[in-house]
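Please read the following points beside the sequence and the model. They are arranged by topic and are meant as a colleague's notes.

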Amino acid sequence: QVQLVESGGGLVQAGGSLRLSCVASGIIFSINGMGWYRQAPGKQRELVAFISSDGSTNYEDFVKGRFTISRNNAKRTVYLQMNNLKPEDTAVYYCKAQWSAAWGQGTQVTVSS
């Protein structure tokens, strides 16, 4: 059974930083690309950043230069370092493995202006 457990969210002022973590189990983590997604109230879930199994990364334009995705295969964990946060970054953040349809419970990020 695939389990994804996100953590690290919280309330932060605009310009602040947060580091999200997602621990995966039930998958062969090292061969899975991992993505971070977010869903704001009333909006569809959207991709934020992706890291492939070989460590290459891709970012959506709205987070380029501010967010960094990374992974630690030994810890089965993917991270999202979020800097210079903006109120429009407020959302529930989720991680997802490339070869699984499972979602975690998400972690709430709220950025105040």
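Is N84 buried, partly exposed or exposed? With a relative accessibility of 43%, N84 counts as partly exposed, where buried means under 20% relative accessible area, exposed means over 50%, and partly exposed lies in between (1.4 Å probe, protein chains only).

1. Basis of the notes. This is a predicted model, in which local features need pLDDT of at least 70 and side-chain atom pairs count only at pLDDT 80 or more, while totals for chains, interfaces and linings use all residues. Residues are numbered from 1 along each chain as its sequence is written, and side-chain values use heavy atoms, with hydrogens and water left out.

2. The four-stranded sheet. Strands here are DSSP runs (E, at least two residues), numbered from the N terminus, and two of them pair if DSSP finds at least two bridges between them. An open sheet is formed by 4 strands in the order β1-β3-β8-β7, with antiparallel pairing. Because β1 (3-7) and β7 stand at the edges with a single partner strand each, one side of each is left without a neighbour in the sheet. On average, neighbouring strands of this sheet are turned by 15° against each other, direction ignored, the axes being lines fitted to C-alpha atoms and the angles running from 0 to 180 degrees between N-to-C directions.

3. The antiparallel strands β1 and β3 are joined by 5 bridges, and V5 stands opposite V23 in β3. V23 also has a bridge partner in β8, namely T77, and β3 and β8, again antiparallel, are joined by 6 bridges. Between β7 and β8 the pairing is antiparallel over 6 bridges, with Y79 in β8 as the bridge partner of S70.

4. In β7 the covered face consists of F67, I69 and R71, and the uncovered face of T68, S70 and N72.

5. The six-stranded sheet. A further open sheet has 6 strands in the order β2-β10-β9-β4-β5-β6, and its pairing is mixed. Here β2 (10-13) and β6 (57-59) stand at the edges, each with a single partner strand, so one side of each is left without a neighbour in the sheet. Neighbouring strands of this sheet are turned by 25° against each other on average, direction ignored. Within the sheet, β4 and β5 run antiparallel and are joined by 5 bridges, and R38 stands opposite E46 in β5.

6. The nonpolar core. A nonpolar core is taken as a set of buried Ala, Val, Leu, Ile, Met, Phe, Trp, Tyr and Cys residues joined through side-chain atoms within 4.5 Å. The largest one has 27 residues, of which W36, V78, L80, M82 and Y93 touch the most other members. At least two residues of this core come from each of β3 (18-25), β4 (34-39), β5 (46-51), β7 (67-72), β8 (77-82), β9 (91-97) and β10 (107-112).

7. The disulfide. With a disulfide taken as a pair of cysteine sulfur atoms within 2.5 Å, the count comes to 1. C22 and C95 form this disulfide, with their sulfur atoms 1.8 Å apart. The pair links distant parts of the chain, since C22 lies in strand β3 and C95 in strand β9, 73 residues apart. Both C22 and C95 are buried.

8. T107. This residue has its place in strand β10, and T107 is buried, with a relative accessible area of 10%. A polar atom of the T107 side chain lies 3.0 Å from the backbone nitrogen of G9. If residues up to four places away in sequence are not counted, T107 touches E6, S7, G8, G9, L20, A91, V92 and Y93, contact meaning heavy atoms within 4.5 Å.

9. Most residues other than glycine have a negative phi. R76, however, takes a positive phi near 55° in the hairpin of β7 and β8, which has 4 residues between the strands, and R76 is partly exposed at a relative accessible area of 29%. N84, found in the loop between β8 and β9, has a positive phi of about 50° although N84 is not a glycine.

Conventions: Polar contact = N/O pair within 3.5 Å; in protein donor to acceptor, adjacent residues only side chain to side chain.
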